[in-house]
Amino acid sequence: MYRHMDELEIEIGRLSNLKMVHFYNLIAQNDEVGAVAVYDGEDRQINLSALDLHYEALLAKVVTCYREQKDRERIVMDPQTRAVLDSLLAAESVFEKPDFWGNVPRTILQDQPNINPGSYSDYLVVPLLRYYIRELHLFYKVPIEWKLLSASWHGRGVLDAVIGEQELHFPYRIRRRNGGEYDVLIGNYLGKTNQLKIQIRFERLGVKVYFSCLPFGLEGYSTYTIDTNGASITEKTGINVVGKTVYEHMETLAEPDADQKEDLRRKISEDRLMHLLVRGWDRARVARLPWGHYIVYAISNTDDASMKKQDIEVAYLLMEDKHDIIRKHSFSHIVGRENKVEIDARYARGDIYVQKGTKERVQIAFEDTGYCSFDEYKESYSGRFLVGEL
């Protein structure tokens with residue numbers, strides 16, 4: 001599908017043969033934000049800050065040009081800018097190469113999936129839907145109880161519940177977009193003609209949920225965000241009705257205690273999932289989300305005079321009787337000490353689906369992550385499927 005591109009976006013896309021790049025700070029709204037100034041061989045000059053619309057596109061284009069350009073030493077830039085860009089090309093990382101997803105023996109890398117990723121997206125999303133449908137009924141003082149989870153087919157299904165002795169049926173439709181984003185329509189919300197819309201985003205440092213029901217003027221959000229400095233997860237929720245804020249909440253999710261964490265570790269180990277989560281259970285942090293998923297994450301910090309670098313692994317874990325699903329993000333996050341420019345590097349992302357009780361048990365569906373991917377991942381894994389046994 002074609003889309004409209006403004007003149008600046010087109011100019012960014014045309015950048016090539018870089019002559020000058022400068023990362024610097026811009027003081028705005030009493031805070032420092034990153035900014036980028038670029039000059040190329042065709043005399044194009046573009047200067048944007050993190051507050052501008054196409055800043056991320058410009059940063060991505062600069063990284064792509066720098067990676068592909070053979071005469072990098074001839075590009076004019078200050079040492080801080082060069083150090084940040086060179087860090088994207090460096091091989092050193094706690095992840096080293098694509099086997100940071102876990103060395104899975106008895107598997108084959110192939111171009112086509114054996115299990116359609118759409119067939120298990122429901123399993124990842126439906127527990128979250130059940131939680132928010134229930135909570136948004138309680139918001140209007142309508143308590144519901146869920147019956148056994150019904151089967152679904154290619155993103156369509158029905159969730160069954162009861163209020164007292166009255167049965168309720170919630171038809172739903174899930175549409176998955178790239179990058180772990182899901183748009184969901186749910187029927188029969190507080191009445192047969194009402195639709196509840198829920199958008200879900202599994203992001204690199206958390207989960208975001210947006211919900212709305214137009215007939216009630218209801219709209220709201222929940223975010224679950226990893227604080228990489230404090231190594232904690234903060235939940236924020238806000239609800240508006242007819243434009244007026246009626247509910248706000250913020251808290252830090254508690255980690256399981258030592259016994260609970262050990263029980264989870266034992267269960268994960270029994271299902272042989274440990275090496276697919278994070279490197280080193282002892283340094284991993286764990287939080288249980290309200291709908292039953294776990295977030296398991298680990299952060300390694302490397303500081304030097306020019307930048308702060310964090311190697312981060314985040315896994316969203318769902319364990320059921322018949323299957324386990326992991327939505328995993330692995331990447332390095334780099335922040336220039338003087339210029340405040342932030343860049344993700346060596347990014348890999350995808351779904352791990354484990355089907356229990358079958359010979360062909362595991363499928364890892366690797367996703368394209370654009371300019372943030374490092375070369376070996378992009379060339380060997382991105383857009384492909386690792387299929388076999390655990």
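This is a predicted model: local features need pLDDT of at least 70, side-chain atom pairs count only at pLDDT 80 or more; totals for chains, interfaces and linings use all residues.
H2 covers residues 55-68 and H3 covers residues 79-89, and they pack at about 70° with their axes 10 Å apart. Angles of 65 to 115 degrees count as roughly perpendicular, so that is what we call H2 and H3. On the H2 side, the contact comes from Val62, Val63, Tyr66 and Arg67, and H3 brings Arg82, Leu85, Asp86, Leu88 and Leu89. Sorted by class, that contact has six nonpolar residues, three charged and no polar ones.

Now to the rings. The structure holds 14 aromatic pairs. In one of them, Tyr131 and Trp291 have ring centres 6.0 Å apart and planes at 55°, so this pair is tilted. Tyr131 sits in helix H4, while Trp291 is in the loop between strands S15 and S16, 160 residues apart. Is Trp291 buried or exposed? Its relative accessibility is 9%, so Trp291 counts as buried, and Tyr131 is buried too, at 17%.

Another pair is Phe366 with Tyr381: centres 4.8 Å apart, planes at 85°, so edge-to-face. Phe366 lies in strand S20 and Tyr381 in the loop between H7 and S21. Phe366 is buried, at 4% relative accessibility.

That H7–S21 loop also holds Ser382, which is buried at 16%. Beyond its sequence neighbours within four places, Ser382 is in contact with Phe366, Glu367, Asp368 and Tyr377.

Thanks, everyone!

How values were computed. Residues are numbered from 1 along each chain as its sequence is written. Side-chain values use heavy atoms; hydrogens and water are left out. Axes are lines fitted to C-alpha atoms, for helices over the stretch in contact, and angles run from 0 to 180 degrees between N-to-C directions. Helices (H or I, at least four residues) and strands (E, at least two) are DSSP runs, numbered from the N terminus. Angles under 35 degrees count as roughly parallel, over 145 as roughly antiparallel, 65 to 115 as roughly perpendicular and the rest as oblique. Contact means heavy atoms within 4.5 Å. Ala, Val, Leu, Ile, Met, Phe, Trp, Tyr, Cys and Pro count as nonpolar, Asp, Glu, Lys and Arg as charged, and the others, Gly among them, as polar. Buried means under 20% relative accessible area, exposed over 50%, partly exposed in between (1.4 Å probe, protein chains only). Rings of Phe, Tyr and Trp (its six-membered ring) pair if their centres lie within 6.5 Å; planes under 30 degrees apart count as stacked, over 60 as edge-to-face and the rest as tilted.
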